Amino acid sequence: MDADLALAARLAADLDGAFRALVTAHQDRLYTIALRLLGDHRDAEEVAQDAFVRAYRAMADYDAERIRELRLRPWLASIVVNLSRNRRRRLDERTPPLQLEPIVDAGGDAAFPDRGATPHERAARRETVRTLAAALADLPPGPRAAVVLRHVDGLSVTETAAALDRPEGTVKAQVSRGLAALRLQLAHDPDLAAHRRELTA
Amino acid sequence: MTARRPSGAAAAAPDIDLDLESALAGLTVPAPETLALATLVAVGLADRCAELPSPLGPIVVAWNGRGISWVDRAGDPDAFGARFERVVGRPVHRAEAVPADLARAVAARLAGDRRIRIKLDLRGRTEFETAVLMKALEIPRGEVRPYGWIAAEIGRPKAVRAVGTALAHNPVPLVVPCHRVVRSDGSIGQYSLGGPSAKRTILAAEGLDPASLEAGARAGIRFLGSDTTHVVCLPTCHNAKRITPQHRVPFRSLAAADAAGYRACRECRPAAGSRAIAA
């Protein structure tokens with residue numbers, strides 16, 4: 001958080017000079033949010049890029065004071081969520097309903113760069129990621145966005161509420177509804193149940 | 001990050017809740033390596049470059065999200081990169097090819113189509129320099145205008161030398177056709193993209209005859225009039241080219257044309273840049 005305050009101050013003083021640092025600091029999370037909302041790597045990369053471009057343009061119009069006061073984490077998250085929602089809507093309009101199953105691409109090894117693990121463990125973890133990402137993609141849009149920001153991205157309830165422009169109470173309810181649905185779905189997943197047994201054995 | 005456990009976990013065992021939240025936190029994926037550069041290029045904080053054909057041989061074109069930022073003759077890529085970074089102050093990255101829409105726009109511009117929209121990144125130019133370059137964009141293919149014409153057209157009639165300097169520093173030659181601007185006495189003048197001989201080459205490729213242009217200049221012919229319409233033009237104006245030889249009347253000055261009862265062509269506007277005639 002302190003790092004973000006310092007970054008916002010640098011952006012306020014010299015947008016062009018500090019923008020690269022903003023991209024470096026936030027690209028993984030913006031990409032992750034978009035990927036978990038959209039389920040497709042290419043869409044996620046385009047949305048993340050678009051979000052940065054919008055952030056840049058917005059800041060170019062803001063005065064220094066307004067940039068300094070930006071809370072970068074929830075602000076950038078809100079841009080990605082909105083762009084993802086728009087893209088999803090466009091995709092939905094173009095795609096016939098039968099093909100609406102979310103294409104889930106979980107990111108494979110990249111999500112778990114744990115070299116120490118045995119191939120078996122790695123494969124099991126990959127499977128967990130895939131299952132979880134698929135379960136997440138099955139959530140309704142509201143709870144999904146809330147869970148992604150709150151638990152994948154790690155925003156606080158207050159920040160999540162700010163990013164989603166919803167009351168905190170609504171966010172809390174959506175997060176717990178989302179978690180409950182995930183838990184239910186994962187409990188019925190045989191592979192994951194086996195994996196969990198292995199880990200706790 | 002601390003694991004947050006939902007309250008009142010009646011059914012699910014606590015370790016599963018913990019598992020779920022940490023597993024969700026583990027869904028983070030590193031952004032693809034291409035994202036940062038693509039983003040910086042999109043906002044114009046980095047550039048890409050690739051080669052295109054031109055009448056002067058292969059050229060290298062640099063661009064970013066704001067438009068074309070640089071045009072140069074193709075040569076040693078490393079030297080180009082170093083020069084670009086030194087002059088422009090941004091890194092430039094080789095791309096496979098110029099994007100199709102950009103390549104099409106450059107080709108259309110080189111072919112003389114001035115209607116096609118082309119985005120130019122002219123950051124770092126002064127207001128005056130930008131006005132000079134924008135004015136040069138208006139000069140049709142196969143025609144030339146004197147430096148003084150640009151100076152007068154942009155409302156700075158005395159800044160002829162500054163116009164020359166601005167054109168010499170044109171970052172996007174060929175695309176902004178600074179080669180179509182010649183000295184006020186009609187001689188061919190300098191050219192940043194390979195000197196006067198390259199300027200002759202490109203003007204010839206555009207359908208002008210540089211030799212006759214310079215011969216006319218040496219003979220003191222600055223303007224051509226038609227004794228049927230009594231309109232006077234700059235010698236390369238497409239209206240001047242249509243005057244048949246028996247009706248063609250050369251003038252050394254606009255004052256002489258004015259005295260003979262000729263009015264200035266409304267397309268090439270020869271009045272601009274002439275001290276002799278007061279509009």
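Biologist: How many residues does the contact take from chain A and from chain B?

Modeller: In this predicted model, the contact takes 36 residues from chain A and 26 residues from chain B. On the side of chain A that touches chain B, the elements giving two or more residues are α2 (15–38), α3 (41–61), α6 (119–138), α7 (141–152), α9 (168–187) and α10 (190–200). The largest share, 11 residues, comes from α2(A). By class, that side of chain A has 19 nonpolar, 10 polar and 7 charged residues.

Biologist: What makes up chain A, in helices and strands?

Modeller: Chain A has 10 helices and 0 strands, and its pattern along the sequence reads α-α-α-α-α-α-α-α-α-α. Of its 201 residues, 39% are buried. Take the contacts in chain A between residues at least 6 apart in sequence: 67% of them join residues at least 24 apart.

Biologist: Let's look at one residue. Why is A:H26 called buried?

Modeller: A residue is called buried if 20 or more other C-beta atoms lie within 10 Å of its own. A:H26 has 22 other C-beta atoms within 10 Å, so A:H26 is buried. This histidine is found in helix α2 of chain A. Apart from neighbours within four places in sequence, A:H26 is in contact with A:L72 and A:L76.

Biologist: And how far is A:H26 from A:V175, in sequence and in space?

Modeller: The two are 149 residues apart in sequence, and their C-alpha atoms are 23 Å apart in space.

Biologist: Now over to chain B. How is chain B divided into domains?

Modeller: Chain B has domain 1 (41–110), domain 2 (127–216) and domain 3 (221–264).

Biologist: How do you know that domain 2 of chain B and domain 3 of chain B are in contact?

Modeller: Residues count as in contact if their C-beta atoms lie within 7 Å. By that test, 7 residues of domain 2 of chain B are in contact with 7 residues of domain 3 of chain B. The side of domain 2 that touches domain 3 has 3 nonpolar, 2 polar and 2 charged residues. The C-alpha centres of these two domains lie 21 Å apart.

Biologist: Why do β3 and β4 of chain B stand at the edges?

Modeller: The open sheet has 4 strands in the order β3-β2-β1-β4, with mixed pairing. β3 (67–73) and β4 (92–94) each have a single partner strand, so one side of each is left without a neighbour in the sheet. From one strand to the next, the twist averages 30 degrees.

Biologist: How do you know that β2 and β3 of chain B pair?

Modeller: Strands pair if there are at least two bridges between them. Strand β2 (residues 59–64) and β3(B) have 6 bridges, in the antiparallel sense. One bridge joins B:V61 to its partner in β3(B), B:V71.

How values were computed:
Residues numbered from 1 in each chain as written. Chains lettered and ligands numbered in written order. Predicted model: local features only at pLDDT ≥ 70, side-chain atom pairs only at ≥ 80, totals over all residues. Contact = placed C-beta atoms within 7 Å. Nonpolar A, V, L, I, M, F, W, Y, C, P; charged D, E, K, R; others polar. Buried ≥ 20, exposed ≤ 12 C-beta atoms within 10 Å, placed from the backbone. Domains from an automatic or database assignment. Axes fitted to C-alpha atoms, helices over the stretch in contact; angles between N-to-C directions.
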